[in-house]
Amino acid sequence: MSLWVDRFRPKTLDELHYHQSLSTRLKALASSGDFPHILFYGPSGAGKKTRISCTLRQLFGSGVEKLKIDQRVFVSPSRRKIEINVVQSNYHIEITPSEAGNFDRVIIQELIKEIAQTQQVDVSAKQRFKVVVINEADTLSRDAQAALRRTMEKYMSNLRIILCANSTSRLIAPIKSRCLLIRVAAPSTEEMQTVLEHVAKKLKFDLPPEASCQIAEDAAGNMRKALLVFETLKMQSPDLSGPLNIAKPDWETYCHKIADLIVQEQSPERVMQVRAKFYELLSHCIPPTIILKTVADRVVERVDEALKADVMHWAAFYELRMRMGNKKIYHLEAWVVKIMCLYKHFTYNIDMSEFD
Amino acid sequence: MAFFLPQQTKTAAESKQHAVPELQPWVEKYRPRTIDDISAQEHTVAVLRKALSSTNLPHMMFYGPPGTGKTSTILALSRQLFGPDNFRERVLELNASDERGISIVREKIKVFARQTPRAQKVASDGNLYPCPPYKIVILDEADSMTQDAQGALRRIMETYARITRFCLVCNYVTRIIEPLASRCSKFRFTPLDSSSTSSRLMHIATAEHVNVTPEVVATLIDSSNGDLRRSITYLQSASRLSASTTPPIPITPRDIEEIAGVVPNTVVNDFAWTLGVNIESDMQTDDVPANTKRGFDIIRQKVSSIMREGYSASQLLVQLHDKIIVHQTLPARQKAKCVIAIAEADKALCDGADEELWTLKVALQIHKALTP
């Protein structure tokens, strides 16, 4: 019994519920025989992966669904062994090079070249090329992206690359200019509601419109989240009537608690308390960027209009530092102290400028 | 089994033969064959033509923005020098997809550079090629080579200068170490002007039987900023999309924008309005917004809705920047403040910062700069 998210994942392009024009485009491209390299980008939970797998199915038929998972070992020039998981069928291969961290270039060079230089042996295959799906392409290092450049042109007859990324900002221009860019926008609330209703219909029960509306709004464009929440709610109260209580994830309530602590009191003791809580979150593998964003969002709701801009400004500032630096907690803490300082300065009119 | 084999190989060979030209990207298909085909870059071409007739080449360095024909030029030049048969033996092409650490420079490049070129074969296509007595090493994307690897090249370039010429191709001349740069004669490739881009595009469009209107060509040129490869790729993608439906729908400028990942003008205008950039009458927005108060919450909503649409933050900032720079009524001081904010955000985005936070930050900064 799989989760609803996987069970009701559309398998073909026709089954997709929203972005119809995009689906027709993809379908046309897949059947024209002249298939380009593609870069899918959009926010998470918008359906990029689903569209990729549907396109692959359109290209090669149901054979792509026979997947096997492999572990491959590569040796870097400095003789370090790198292991990475590879999901593949007869027609395509899916990799997440960012698993290898700094060594992603080696994987791109070795694996993609290896695939590019072997021709499709299966004569009955629909297409002469294989497809390489690269997940999280925006986390590829510069070197790895540079390594892709010529490969994408040179081996066009044997190989197509599908990149999947959250944003195109971090991709170098030469890669973007070699791909067909496809933007997958997050579904609107109404579109999400139709999907939820579709799932309810498949499972043969009634979904009250208020409930679906509430779920869709809570998910804010993240279809995966919406479906997961929907399933949980269904487990909790099978008839889905009455006021719904969408449970927030633990870490989110925890983040809100931190925000409240910051706004209530500004003192060195408080900083220590907040620090302990940050550590707790980090040790549970919540990404620091998400912690910072959630806390900042909450703080912004609690402070005066005049302070809001500054709170976000410094959040962005320290987020970048966190990215560049090594030790995340320093920057989270620095942000907290900065906000406390600003807050005190503003509410009690104490001159804190000497701390800048 | 033996019964099947011959038949199978035959079909495979057949299908391969007529599959290849179709599948080729137009960028490869219409790569210039001779240096006379190169669009624009008159100066470089003139110098190279002279070199071709005297069959003597210096070490060369080609630099310039992507899509201006650097790789095409050197490939065309070496093909003209050596002809198709000798090309393989005389030219070593290494790019960033090959391992190019110091060990490769020491082994592969050095070994290749020190070989004395073999005598010329008679060209199979009957043409006469100059085929001068040296080899060419093309180091494509040389700016991604490490400093050490570049350092190792220094002496090699001099020692074997008699029998080997090097051609470095790069985007950023500053990433090449000074001793290497000084050994080469440099050729700068400038972004293509719109007339040569449009003539090239029209040439390809006619050869491929694609109907394009002048507006489409203008959009192609606009969205690719002088990068010919990019505009050709866009044209091919657009034609694929239009040809795949029956009956073929004509290509519209909006299609090109979507393919190029450009944020629609209405969205940018709307965003600019939310930030307090007053829009002149000739710009259109989505809906004429009521005179609402532009506060923090409205800006935050706007940013998150744009992010939900999946537009790329850096692209949005580029377009916003273009809007602000040409704005007629904004005082220079405010423009400068806005641009500083945008520049800072661009750096942050390149370093991988969170898109939503930084877009919001820029939005708030611009808003602050514009409100008196």
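Predicted model: local features only at pLDDT ≥ 70, side-chain atom pairs only at ≥ 80, totals over all residues.
Thr189(A), Met192(A), Gln193(A), Leu196(A) and Glu197(A), which belong to helix 7 of chain A, meet a set of residues in helix 8 of chain A, namely Pro209(A), Ser212(A), Cys213(A), Ile215(A), Ala216(A), Glu217(A) and Ala219(A).

For helix 7 (residues 189-202) and helix 8 (residues 209-219) of chain A, the angle is about 125 degrees and the axes are 9 Å apart. Helix 7 of chain A is therefore oblique to helix 8 of chain A, and the crossing in which helix 7 passes helix 8 of chain A is right-handed.

Stepping back to the chain as a whole, chain A contains 14 helices and seven strands, and its C-alpha atoms fill a box of roughly 75 × 60 × 30 Å along the principal axes. Of its 356 residues, 55% count as buried. Where contacts in chain A join residues at least 6 apart in sequence, 69% of them link residues at least 24 apart.

Because 10 of the 14 residues are buried, helix 4 of chain A is largely enclosed by the rest of the structure. Among the buried residues of this helix are Val106(A), Ile107(A), Ile108(A), Leu111(A) and Ile112(A), but also Asp104(A), Gln109(A) and Lys113(A). The cover over the buried residues of helix 4 of chain A includes strand 2 (68-75), strand 3 (81-88), strand 4 (92-95), strand 5 (130-134), helix 5 (142-154) and strand 6 (159-165) of chain A.

Finally, the backbone deserves a look, since most residues other than glycine have a negative phi. Arg79(A), in the loop between strand 2 and strand 3 of chain A, has a positive phi near 60 degrees, and Arg79(A) is exposed, with a relative accessible area of 70%. Glu141(B), whose phi is likewise positive, near 50 degrees, lies in the loop between strand 3 (135-139) and helix 6 (147-159) of chain B; at 5% relative accessibility, however, Glu141(B) counts as buried.

Notes:
Residues numbered from 1 in each chain as written. Chains lettered and ligands numbered in written order. Heavy atoms only, no water. Axes fitted to C-alpha atoms, helices over the stretch in contact; angles between N-to-C directions. Helix = DSSP H or I, 4+ residues; strand = E, 2+ residues; numbered from the N terminus. Parallel < 35°, antiparallel > 145°, perpendicular 65-115°, else oblique. Left-handed = near helix turned anticlockwise from the far one by under 90°. Contact = heavy atoms within 4.5 Å. Buried < 20%, exposed > 50% of the residue type's maximum accessible area, 1.4 Å probe, protein only.
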